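Me: Hi! I have a protein model open and would like to learn how to read it. Could you walk me through it?

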Amino acid sequence: MITLTRNLKRDHLEKLRKKEQFYCPQCQEPLLMKIGQVMIPHFAHLKKSKCQGLFSEGETTAHLLGKHQLYEMFQKLQLNVQIEPYFKEISQRPDLLVESNYQRFAIEFQCSTIPIPQMETRTEGYLRANIQPIWILKTPKDRHPYPDGIQQIKLSPFKQQFITYIQNHLHLITFDPESATFVYFSYLLPIGGGYRFIGKVQHLPLEAQHFPFLNVLVPSESDFQIYWQLWKKERFLFLRRRVLMSRKGVQDSFLRACYFMNYPVEKLPLFIGIPVTKHMHFSVFEVEWQMLWLMFLIEQGENFTHPSSRSINEFCKRYPAICLDQQAVVSLENYHFILRRLGITCINSQFDEKMLWQSIYAQFLAKR
């Protein structure tokens with residue numbers, strides 16, 4: 001089976017097509033070598049087939065182009081790479097298989113939506129075969145393209161499935177075959193458990209790429225000041241919207257907590273509503289769950305510095321719609337680590353803002 005790449009001359013492929021017969025390596029049915037003017041050369045079954053190893057059939061031009069660009073990139077990096085090898089034991093065919101340092105990597109370049117359960121099943125299949133999957137999303141064509149730098153980023157639930165965890169930080173790799181450019185969305189900080197993040201965007205030309213991927217510099221303290229200013233802006237907008245647009249009235253648990261604490265919403269101290277998690281363990285913005293949590297501690301007669309494990313677990317049970325998973329407990333503990341560092345013992349405690357965001361930055365860098 002030959003590998004069709006962009007560097008093969010058209011006349012050479014036409015000669016091969018005339019004198020050779022090609023067969024599917026899985027079902028053994030005859031294949032047709034397609035050499036069109038628009039699509040990249042590829043193989044296709046001669047007739048409609050139920051072969052599970054179908055390859056390059058029904059693919060978009062962007063997917064074919066991107067797959068071949070990545071193949072050529074790995075070749076230039078002098079790595080052993082194959083296009084669409086079929087693994088019979090798991091009935092899967094990755095876009096590319098790369099071998100590096102005695103480890104195999106399945107590269108999946110995803111240009112269209114795919115059901116999340118299907119993506120999870122394919123990932124599990126590769127892992128069973130001792131192959132590390134790497135999913136690369138086609139760079140989204142957003143209305144306003146992201147420039148390089150630290151900024152707010154919107155990622156749909158589908159796009160979030162391609163986020164990878166490197167040293168306990170969130171990263172997303174995308175590739176645009178039209179410009180032959182990788183776009184990294186790195187050190188993502190979730191905002192409110194939804195589809196918005198603050199992160200660092202970096203464009204990298206294909207020829208400058210390396211393997212393994214993701215070698216982005218950790219945000220410096222001055223970088224994190226930008227994170228902090230963007231975060232404060234989002235916090236302010238959230239509080240304003242909540243006061244002006246809440247339809248629940250007295251049934252709004254957050255507004256009720258503010259009333260209970262005898263604090264106007266727009267004057268809540270900055271230590272209520274700070275980023276203390278690098279993952280999405282809560283379904284609401286930080287200022288909401290932190291306000292509810294502090295109210296809960298007061299109701300339980302506990303102080304802000306060393307809440308008991310019992311109180312933490314009871315809070316998660318009371319608000320199951322807010323606490324998404326068991327790691328929410330870690331976020332609560334991280335929150336009190338910052339409060340203790342600042343010497344905050346009650347809602348009226350004085351604190352230094354610079355020390356606040358520096359404490360958040362230190363926790364952001366931590367591997368926990």
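Reply: Happy to! Of the 368 residues of the protein, 51% count as buried. Keep in mind that this is a predicted model.

Me: How many helices and strands does the protein have?

Reply: You will find 10 helices and 12 strands. Among contacts in the protein with a separation of 6 or more, 61% join residues 24 or more positions apart.

Me: Let's look at the rings. How do I read an aromatic pair?

Reply: A pair of aromatic rings is described by two things, the distance of the centres and the angle of the planes. This structure holds 25 aromatic pairs. Take Phe 211 and Phe 213: their ring centres are 5.3 Å apart and their planes stand at 90 degrees, so this pair is edge-to-face. Planes over 60 degrees apart count that way. Both Phe 211 and Phe 213 are buried.

Me: Which aromatic cluster do Phe 211 and Phe 213 belong to?

Reply: They form one aromatic cluster together with Phe 74, Phe 105, Phe 109, Phe 175 and Phe 182.

Me: Now the helices. How do I describe two that pack together?

Reply: Two packed helices are described by the angle between their axes and the distance between the axes. Helix H6 (residues 253-260) packs with helix H7 (residues 286-300) at an angle of about 50 degrees, and their axes are 9 Å apart. That angle makes H6 oblique to H7, and the crossing is left-handed.

Me: Which residues make the contact of H6 with H7?

Reply: On H6, they include Phe 254, Ala 257 and Phe 260, while those on H7 include Met 291, Leu 292 and Ile 298. By class, the contact has 9 nonpolar, 1 polar and 2 charged residues.

Me: How do helix H9 and helix H10 cross?

Reply: The axes of H9 (residues 328-342) and H10 (residues 353-365) come within 10 Å and cross at roughly 140 degrees. H9 is therefore oblique to H10, and their crossing is right-handed. Among the residues that meet are Phe 337 and Ile 338 in H9 and Leu 356 and Ile 360 in H10. The contact of H9 with H10 divides into 7 nonpolar, 3 polar and 1 charged residues.

Methods. Residues are numbered from 1 along each chain as its sequence is written. This is a predicted model: local features need pLDDT of at least 70, side-chain atom pairs count only at pLDDT 80 or more; totals for chains, interfaces and linings use all residues. Side-chain values use heavy atoms; hydrogens and water are left out. Rings of Phe, Tyr and Trp (its six-membered ring) pair if their centres lie within 6.5 Å; planes under 30 degrees apart count as stacked, over 60 as edge-to-face and the rest as tilted. Buried means under 20% relative accessible area, exposed over 50%, partly exposed in between (1.4 Å probe, protein chains only). Axes are lines fitted to C-alpha atoms, for helices over the stretch in contact, and angles run from 0 to 180 degrees between N-to-C directions. Helices (H or I, at least four residues) and strands (E, at least two) are DSSP runs, numbered from the N terminus. Angles under 35 degrees count as roughly parallel, over 145 as roughly antiparallel, 65 to 115 as roughly perpendicular and the rest as oblique. A crossing is left-handed if the near helix is turned anticlockwise from the far one by less than a right angle, and right-handed if clockwise. Contact means heavy atoms within 4.5 Å. Ala, Val, Leu, Ile, Met, Phe, Trp, Tyr, Cys and Pro count as nonpolar, Asp, Glu, Lys and Arg as charged, and the others, Gly among them, as polar.
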